[in-house]
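Subject: A structure to look through

Hello,

The notes begin with salt bridges and then turn to strands and helices.

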Amino acid sequence: MAPRLSILVAVYNAMPFLEECLASLVSQTLDPADYEILLIDDKSTDGSLALCEAYEKRHRNVRVFPLPETSPGLSAFPLNFGIKNARGRYIGVVDGDDYALPEMFRELLAAAEKDEADLAVCSFSMYSMRLLRMLPPADVEFWEQVMAPDFETLDEVGRKDRLLKLSPTSWRKLCKRSFLLGNGIFFPVDDFARADTYFHWASVLPASRIVRVDKRLLVYRTHRPGQSTGIDPGESGMQCVLRMRQVKELLLSRGLYADYYQTFLYLGADTLNRVPPGHPMRAAVEEAIVDLCSRP
């Protein structure tokens with residue numbers, strides 16, 4: 001019998017945090033027969049693959065896939081591989097340096113299955129490795145709007161406007177696998193970051209039912225040395241502009257650019273805020289954003 005859930009982990013040199021991540025996944029408050037864990041190793045050189053294989057030997061619901069060569073697109077290719085090879089009805093994602101609370105996937109799966117949802121989404125906590133303490137999520141204000149009493153009274157565009165403003169991380173969601181495959185939703189494979197931004201928009205826009213779980217169910221490590229999000233802010237800003245272009249093309253292809261224009265402007269403002277005033281690339285990033293945000 002196929003599992004109800006597949007959890008995907010794109011693994012690349014995630015030591016010394018991978019042990020805590022994997023331990024959190026095999027300790028979920030679900031019957032192990034109900035879920036599988038796919039560990040897709042992208043040619044790690046730090047012992048991550050050996051740790052994954054040790055977990056596979058000890059846990060029958062763990063499957064390890066060593067990729068034959070280093071993939072393009074950071075974690076995008078491994079996650080797309082996982083979507084295609086998953087057996088679960090729903091798919092979740094966890095980064096190898098983060099960890100899930102024990103009840104995370106039981107809660108998300110129960111909510112998704114109850115409403116036959118295309119997507120289920122939760123909140124999260126941030127652990128700062130610089131401050132050595134837990135922090136609230138960066139999007140706490142927008143999460144409060146998503147959970148506000150008036151949310152269900154809004155029309156579809158109003159509800160999705162709020163959802164699209166959440167931090168566009170893949171690891172806070174469950175996605176119905178048939179929904180992803182039926183709509184051709186995958187992570188963009190290229191040589192720049194922020195693939196989650198495109199995946200967020202590509203999955204939220206066509207979803208007919210999205211359920212919310214008002215709990216912080218995953219711990220995201222931030223300020224970690226070597227973290228892929230820690231690139232130069234100017235370079236990060238330009239990469240975000242390239243993602244914005246993909247999102248705009250998605251909106252235009254679906255005839256939704258006018259409906260979500262204000263939300264797209266927010267994405268532009270958020271992108272510009274990643275580049276501090278006085279940075280030598282800020283003017284170029286701002287010019288690129290203004291050019292991209294043409295009126296519908």
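**What was found**

Arg212 forms a salt bridge with Glu152, and the closest N and O atoms are 2.9 Å apart; the term salt bridge is used here for a side-chain nitrogen of Lys or Arg within 4 Å of a carboxyl oxygen of Asp or Glu. Please keep in mind that this is a predicted model, in which local features need pLDDT of at least 70 and side-chain atom pairs count only at pLDDT 80 or more, while totals for chains, interfaces and linings use all residues. Residues are numbered from 1 along each chain as its sequence is written, and side-chain values use heavy atoms, with hydrogens and water left out.

Arg212 lies in strand β9 and Glu152 in the loop between α5 (140-146) and α6 (156-164), so the pair ties together parts that are 60 residues apart in sequence. (Helices, H or I with at least four residues, and strands, E with at least two, are DSSP runs numbered from the N terminus.) Arg212 is partly exposed, with a relative accessible area of 22%, and Glu152 is also partly exposed, at 42%; buried would mean under 20%, exposed over 50%, and partly exposed in between, using a 1.4 Å probe and protein chains only. Both residues belong to a network of salt bridges that links Asp115, Glu152, Arg209 and Arg212.

A search of the whole structure finds 17 salt bridges. Among them is the one between Glu113 and Arg4, at 2.6 Å from N to O; Glu113 lies in helix α4 (residues 104-114) and Arg4 in the segment before β1 (5-11), so this pair ties together parts that are 109 residues apart in sequence.

Strand β9 (residues 210-222) pairs with strand β5 (residues 99-100) in the antiparallel sense over two bridges, where two strands count as paired if DSSP finds at least two bridges between them. Strand β6 (residues 119-128), by contrast, runs parallel to β9 and is joined to β9 by nine bridges, with Cys122 opposite Val213 in β9.

Finally, helix α9 (residues 233-253) packs against helix α11 (residues 282-292) at an angle of about 10°, with their axes 9 Å apart. That makes α9 roughly parallel to α11, since angles under 35 degrees count as roughly parallel.

Best wishes

Notes:
Axes fitted to C-alpha atoms, helices over the stretch in contact; angles between N-to-C directions. Parallel < 35°, antiparallel > 145°, perpendicular 65-115°, else oblique.
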